[in-house]
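Visitor: I'm new to this one. Can you walk me through it?
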Amino acid sequence: MTAHLALDLVNAIASQLANPHTAPRVSREHRQHLAYGPPGIALLHIERAAYGLGPWQRAHDWLAVASRRPLTSGPDSHPFYGTPAFAHALACAADNLSGSYQHALHAMDRQIEADIRRRLDAAHHRIDAGRLPQLAEFDTIRGLTGYGAYLLRRNPDSPTVRAVLDYCVRLTEPITHYGETLPGWWTETGPSGGPDRRFPGGHANTGVAHGIGGGLALLALAARKGTVTDGHHGALRTILAWLDRWQEETGRGPVWPYWITRSELRTGRLAPCVLRRPSWCYGTAGLARAQQLAALALGDAGRQIDAENALVAAFTDADQLRAMTDNGLCHGFAGLTHVAVRMAEDAHPSTAGRLRAVIPALLAAVTPPGTDPELMATALVRDERPGPGLLDGAAGTALALLAPSTAAPPQSAWDACLLIA
């Protein structure tokens, strides 16, 4: 019954977002944004059409709205905005529509590769000068890790992919800054990417969205595809060792901090903090998946089982689940459900059953018994705070619920932009 309710919610959201001219208006600044705008909403209709649950015309209509005006490229674009964001959605459609969109995609790929090369040149120049990076240099949402996710899917053997992986390897090398040895991904800012008095001396971010967890996932996914560069496995082990160093045992399973501050690095001890939500962007869900992928790439069955057990522990821990505050993809229950599905697909035989067993309860957290799917869809679609888009909004919630509610694997690579698969 829970799966049926979830699928009814997916279909109701898709219906209310069927027509871009009658759906809630997306602001002009979000027109090219994968997280909040038409490219992310198009992904919902692409995935449903690939499942045979909806018409392709809806996807075409949202893609047309996203590309109505010239797309942004160059320094003002990034994996979730402008040409790369639109290209991700278009590639997901093209994968399921043989021969479609190829000319446009090839042109965009050339532009994206040129932009990546400029970013790589700047990043290596920064490292050569002994300066610390900005989060936007390397993270999944705005940086080179996100660009690598796109190219790894489009052309995993390209020299540009290998150049991005070379950069990711170099990012794991320690850097000496004013006489202090820091991990190569240490930033001088707070987690927002800007100055923050709460983070004197900066921080090392562990999240998949904005930290080294994304780099771990990219390197692992590349290795599983057979795309490996010099120092590749060593870089994987460096990141894993860092996560091992800062892992905390709660008595209900391991957790990892969202970030490490300068004072924590110097003392080697984490400051006391409230239990945080186990989401994709930060926390156990994203990091457990990244570590599972790394373990699979390295052939480390013990670490794989540990990562899978960590996810089960988090998703059956009432205290951690109480920290969840919404149903969205980025840091809500729908996102947890989708991560559980992806991890169960790759799970070790000893843990696969337990991973699958947590999925019904996660679905029920989104659509508890008695839910009216139409009313809930209306509330999600019309909620102006998250909007109707991918990361926090209705489209992302629906996308994340599709695979678990149909008991079928995802039909497009829509979640490649999240480095989940």
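This is a predicted model: local features need pLDDT of at least 70, side-chain atom pairs count only at pLDDT 80 or more; totals for chains, interfaces and linings use all residues.

Visitor: How many salt bridges does the structure hold?
Guide: There are 18. A salt bridge here is a side-chain nitrogen of Lys or Arg within 4 Å of a carboxyl oxygen of Asp or Glu.

Visitor: Which residue does Glu180 form a salt bridge with, at 3.1 Å?
Guide: Arg266. Glu180 is in strand β2 and Arg266 in helix α11, so the pair ties together parts 86 residues apart in sequence. Helices (H or I, at least four residues) and strands (E, at least two) are DSSP runs, numbered from the N terminus.

Visitor: Is Arg266 buried or exposed?
Guide: Arg266 is exposed, at 57% relative accessible area, whereas Glu180 counts as buried at 18%. Glu180 also meets Arg262 in a salt bridge (3.1 Å, N to O), and Arg262 is buried.

Visitor: New topic. What about Asp319 and Arg252?
Guide: Their side chains form a salt bridge with N to O at 3.5 Å. Asp319 sits in helix α14 and Arg252 in the loop between β4 and β5, 67 residues apart.

Visitor: How accessible is Asp319?
Guide: Asp319 is partly exposed, at 33%; Arg252 is partly exposed too, at 38%.

Visitor: Which residues are linked in a network with them?
Guide: Asp317 and Arg322 join Arg252 and Asp319 in a network of salt bridges.

Technical notes: Residues are numbered from 1 along each chain as its sequence is written. Side-chain values use heavy atoms; hydrogens and water are left out. Buried means under 20% relative accessible area, exposed over 50%, partly exposed in between (1.4 Å probe, protein chains only).
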